[in-house]
Amino acid sequence: MKTQSPDHKQTLNDHKRDHTYWKSFEDLNDTPEFKQALQTEFMSSPLREESINEGAESASEGDKWARREFLKLMGASIALTTASGCIRRPVQKIVPYAMQPEEVVIGVSNWYTSTYFDGQEGLGLLIKSREGRPVHIQGNPSHPLNKGAVSSRAQASLLSLYDPERLQGPKRNLLNEKRTNKETVSVSWEDLDKKAVEELKKASVYILTGNISSPATQAVIDDFNKAFGAQQVVWEPLAHDDITEGQLASYGDSNVPFYRFDKAKTIVSIDADFLGSWLSPVSFTRQFSSARKNIETMNRLISFDSTYSLTAANADLRFKIKPSMQLTVVMGLISEVLVATGYAANEAIKTALIPYKNAAEQLKISQESFKKIADELLKNTGESLVVAGGLQTKTSDSLNLQIAVNLLNSILKNEGKTVLANKGNNRLNASYQAVQELVKKMNAGLVKTLIIYRANPLYALSKDLGFAQALKKVQTIIYAGDKMDETAQFCHLIATDNHALETWGDTEFASGVYSIHQPLIRTMYDTRSFQLSLMTWAYLANQGPKRLTSHETYYDYLRDFWKEEMAPKLAKGKDKEKDFESFWNDLLQSGIIGETAQTSPARNFKPEAFAHFKKRNMGSPLELALYTKVQIGDGALANIGWLQELPDPVTKIVWDNYACLSIKLATELKLNEGDLVEVKVHDKRINLPTHIQPGLHDEVVAVAVGYGRRAAGKVGNGVGEDAYVLATLENNKVLFSGLAVELKKIGKHYDLVTTQGHDAMEGRQIVVTATNKDYTKNKSANIHRHHTWSLWSGHHYNGHKWGMSVDLNSCTGCSACMTACQSENNIHVVGKKYVMQGREMHWIRIDRYYTGDVENAETVFQPIMCQHCDNAPCETVCPVAATVHSSEGLNEMLYNRCVGTRYCSNNCPYKVRRFNWFNYAKLIEKPMHMSLNPEVTVRPRGVMEKCTFCVQRIKEGKNIAKTEGRALKDGDIKVACETACPASAITFGDLNDKNSAVAKIFKSEERAYALLEEWYAKPSVRYLSKIKNNDKLTSKGSHA
Amino acid sequence: MSTQLNIPPMKRAQLVLGNKTLKEITDDICAPVESFPSKGWMALFVSAKTLFLFYILTIAMVVATGMGLLGVNHPVGWGTMIITFVFWVGIGHAGTLISAILFLFRQKWRTSVARSAEAMTVFAVMTAGIFPLIHTGRPWLDFWLFPYPNQRGPLWVNFRSPLLWDVFAISTYATVSTVFWFVGMIPDLATLKDRAQNKIRRTIYGALSLGWRGTAKNWSHYEMVYLILAGLSTPLVISVHTIVSFDFAVSNLPGWHTTIFPPYFVAGAIFSGFAMVITLMTLMRMGWPKFKDYITIDHMEVMNKIIMMTGLMVGYAYGSEFLIAWYSGNIYEQYVFFVSRAFGPYAWSYWIMICCNVVIPQLFWFKKLRRSIPVMFVVSIFVNIGMWFERFVITVTSLHRDFLPSNWGQYAWSMYDTAILVGSFGMFFTIFLLYLRVFPAISIAEIKPVMNVGKDNDSDNHSGSGSDNHNQGGH
């Protein structure tokens, strides 16, 4: 839409003006002022070019609304008000603040730094608050670990704040003698405290917690322990005790080291899903893909895996194994490289290596490939990294595996270079050993009072440990959590904890890297932080160190803790002059203090670790491999719809877990996708639907934990089956994988729901993959470019022209962008039934295709969002012009105007449009509506919706630039998916700005191609081809 | 000329059997309107009406709850409603073809079937017309699809959208065919008025006959208007389904984006329309055996020949789509035709379509079969099934597997889809059954001039003298 040039109009008017009738003297006399007025009056139109008025140069020009337009708009708004009365829209009143809080401007968002910790992964956050409520979670760009990236779970934790089923005050369970009835009553904090203190005074107090990443919380617990002679037991369902024990045995210190995937040229992962669910996948993904940005020097990921994990899906070379082979891989590699490195191995090591001389043969991998991997590792000594871990490796050999991995890293001189002990995390000290001892004490009657904080042993702890039975011998159980979960139901007192977003705290995610955890909202209900509960009980009992009993709130404790203990330590040197107040404020603002390390002194491997080395797991014909999913993890957040409806990155299945079987195994057992099968480990059995997973080892049954919650809430209850029950206690060790498993076909079918209808690309140019060798010959390798032409010159974009590029070589498929989009754009969750009918609402989706032969299928990912085509097929077919082209190249969707013919969706070659089949907004239960982003319309029933390129962020960025009186810079506007992406795969910007990152990609990046280019919709999105760094090791040659 | 061959002169088949007098004709045709309904009619009507009420209820539920009740989804954005819409619009075509095009070509045999065929058109378009309105996400805003001056800017419709052309095409077609049908009925309505036994009847038919007196001037004007309307309707026969086909052909979806669609859709529409005429005429002949003298086996045979011909045209179109898909070298289109349609998850629907539309009408090559009422009835039902499936194949199979395989899905057929499809028949038959009892189902005025066609010359006098005061269409 263009306004005509004023000159042109002027001349027309000069000729046409006739003075038979005149309306004023100015008109009659035809003064120049009058002519000018005549022009300006009609010049301004709501349809004028947007970018004319933007930027410092022309901010004042043409910005004033003419009277006529003002009247028009007034009229329109009155008409709208009346119209809205007709369609009975609910009347809502906006009441202004009587006392406007400082820093809160209605309509302007505030951002606060905070953190997220889920028991293993820690992330620095930047949380958006609108009118006092958190609405969107992003990563903190200054945090050295995640640097602005964020995981799906961290973002989705927002919804747990607004979970309608969160406990709203202290409770008491009326447990009978056998503790079978579950009647719950509300109590006052006074009564609860009185009762708790009474019990605590009886001594024999134990505190069961998950990993505590907070120094101050740890201090409170330690103080409390002193006060009541209590003991802390740390346990997590996904405890990394194999790593800590392995480190202890190999090097003498029991922390989880800090890994540098960005420094490693060759990465060998043995079932460590570091890109998906192992330790801290967000920062690992960031590191991993940063080392793949430069194709010439990109790293190589070699994966040996027993579950088709996200890491496996991103591997340059992938080998399927079963859990009992993990040790064989590492020992085999050690024996291949040992001599060449000149490592003086002792007798124990040499003896241990004897059975692995022919490891490749045992693994059924060609000797040549295996040798090449070893050579590769040798070549990159000090620049390689071998990792193993996760539930998949929790076999009877898990400690051996860790020791072997440590030895291999030490031999390869990676220790101190890619494995850094000094910046490791010594707060991940949860262990199954500790909880086993606790159970023993409980059974012996040595535990009178047990405080459980943020742990759910009655769900996630193996039944073999007999925790539930032992719990009956404990006199009083106090639970500090915010949900009536599986464990809370068996506790006497529930000291309802705040949500993480309601509480102060601090964190240390790597040694010396500290953050302050800020609350984003005042406690919504009558809840109290766990720390304050401990402090209150100590105060009431009048026991314990002074600092525990003298603070009125945990915030005061935290501040004093930082003032006295942390600040003197951290504020040394340059900050010495500053007082604590400014140190504290700086810390709150940046959210972070401390740096991650580049190197670390190399520790010496202790050969005596091999003294008792003996392979225990000899393998079985069919082995169990339990694993954690990227989205659900240990199952703590199972009640969040966003996560349940987030498709698994590899299987693309939502709302379920299942038994993954290889094609061959499924054929042997005559199982089809979705057929129920009984999975039996010893005497434990669960029924699961079959998922046929291409590329899985034929002797593995892979099952995800974290499902089958019984008391997670309405959303999470009964989704999938609880696979934790398959974990087995053997030789005093809880094992998750490598267990012998039996399968029995039940003969019933169950609907597994996937968001992707087809797994193959059918030979179309969709995801372009090339190898590094192809790339050296031709940077546009495998991209077939089409000659396109048109009779029409196309739209002209005089101001901005928004565009996006997606680097498929960086994208790992982790799906954090999907959750970011869902949170930013108020996208509804529709539930399993409707996903099955093809009604999921995601605006951005990650397509996953398998390539190569089905037995060893490789995987590629492709994020697809609205491509904002210049020749948008959707725009021409809408009968009511509800989807139109903006002057900045955006394909805009006008919800108000849409009548819902769905023609646009039919005509969209990328099928990115989503329709509101029902009135989803009506189903939002209070207080879930508080999580909605007020900047984005909540769509009513019957309208189409789709990715807007976060138009609200574009507007916000432009407004900020305008207010600051400057032109918009590249990077001012970051869309939600781009911000969340740990791999920095998404680049957004102005294509008309020649210096913007995205314009450069469009212009000169040779890997860039437009999806369905030949269809000539002229999308504003470019994909960068994926490069597999594999040709040196495979004889397959180039991959199409 | 030069050589005298001993060939008996060509003899035309009689258009009206039974040596009727003019009065007999009037009596025969007015009988259904003037007698108490039979049990058969009542049974049909009650079931059709029940279905119709059920249909209204279903629509109410869909409008109140949302389109999600039906099987439409992502990627299959259009489903039962659009399929059934195209189906009914197609049915409508035969009526106008018979009444307008055959009129202009002076095909006298058309007279006895024209009225009911055109009624079928009007009712089919009515049935069809509901679907575009209720298939939208927010049906209460459907008026936005019409270009009218408004206070929203003014905000106009998007004239580039084929759906908008559809709005014009369907509304024009509905208007013109209704007017044409009604104008054709005026002399007969006057006859009914004259024969009326009570005042109410007399008043209503009197009003409907618009003061028809049967004067020469009346007739002169009437003939002219009828001719003009026939001329106006003729291009519409071609244009309406052409534009309906644009809904598909103008989009860029493989399987829809096809230049053959306009002629293919028109041929298909005539094909299905004639099949529906056969179905209805068979039922009418059963209901009122006297109609057998007017709607003769010869009539049925002619229509069966058209069915066979258009069936072949449709079959040719099916075949040429494969050729073009192959010739174009377009991998997406090739996938749709060579993999997805004929051998994909919906292959059954494709083969039902081929069977019903191409194979079964081949029976009409045999004269015996095309003159057999039971055979033609069964074939016509099959053709109707086949033509519904043709639209199903076009709509669903093209959408369910398009460009990016990740999108591929299935149509999630629900019980509401069944209810909508079956219910629309309830609506159509309710109206058609009422029509049979309210209006003369055969044109009295037009049948009389052709009653002598094919008769021996010597019987001319007989029929001429047999006319009493019942002139053509009243006084």
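Predicted model: local features only at pLDDT ≥ 70, side-chain atom pairs only at ≥ 80, totals over all residues.
The average pLDDT of chain A is 85, and 90% of its residues score at least 70. Over residues 1-14 of chain A, pLDDT stays under 50, and the model has twelve contacts beyond four places in sequence for them. Residues 42-53 of chain A also stay under 50, with 23 such contacts.

**The chain as a whole**

Chain A has 1040 residues, and 55% of them count as buried. Now take the contacts in chain A between residues at least 6 apart in sequence: 74% of these join residues at least 24 apart.

Let's start with an open sheet of three strands in chain A, in the order S1-S2-S3, with antiparallel pairing. Which strands sit at the edges? They're S1 (110-117) and S3 (133-139) of chain A, each of which pairs on one side only. On average, neighbouring strands of this sheet are turned by 35° against each other, if you ignore direction. S1(A) is joined to S2(A), residues 122-130, by eight bridges, and A:Thr113 stands opposite A:Leu126 in S2(A).

S2(A) also turns up next to a helix. The buried residues of helix H9(A) pack against S2 and strand S8 (256-259) of chain A. H9(A) covers residues 281-290, and nine of its ten residues are buried, so the rest of the structure largely encloses this helix. Among those buried residues are A:Phe284, A:Arg286 and A:Phe288.

**A strand with two partners**

Strand S19(A), residues 623-627, has five of its five residues buried, so it too is largely enclosed by the rest of the structure.

On the S24(A) side, A:Ala625 stands opposite A:Ala702. On the S27(A) side, A:Glu623 has A:Ala740 as its bridge partner.

**Where the chains touch**

The contact between chains A and B takes 42 residues from chain A and 39 residues from chain B. On the chain A side, the elements giving two or more residues are helix H28 (873-877), helix H29 (903-907) and strand S36 (914-915). H29(A) gives the largest share, four residues. Sorted by type, the chain A side has 20 nonpolar, 14 polar and eight charged residues.

**Two crossing helices in chain B**

How do helices H1(B) and H5(B) lie relative to each other? The axes of H1(B), residues 22-34, and H5(B), residues 162-195, come within 11 Å and cross at roughly 75°. Angles of 65 to 115 degrees count as roughly perpendicular, so that's how these two helices lie to each other. From H1(B), B:Thr26, B:Cys30, B:Val33 and B:Glu34 meet B:Thr191, B:Leu192 and B:Arg195 in H5(B). This contact is made up of three nonpolar, two polar and two charged residues. An α-helix has 3.6 residues a turn, so residues three or four places apart point the same way.

Key: Residues numbered from 1 in each chain as written. Chains lettered and ligands numbered in written order. pLDDT = per-residue confidence, 0-100. Contact = placed C-beta atoms within 7 Å. Nonpolar A, V, L, I, M, F, W, Y, C, P; charged D, E, K, R; others polar. Axes fitted to C-alpha atoms, helices over the stretch in contact; angles between N-to-C directions. Parallel < 35°, antiparallel > 145°, perpendicular 65-115°, else oblique. Pairing = 2+ DSSP bridges. Buried ≥ 20, exposed ≤ 12 C-beta atoms within 10 Å, placed from the backbone.
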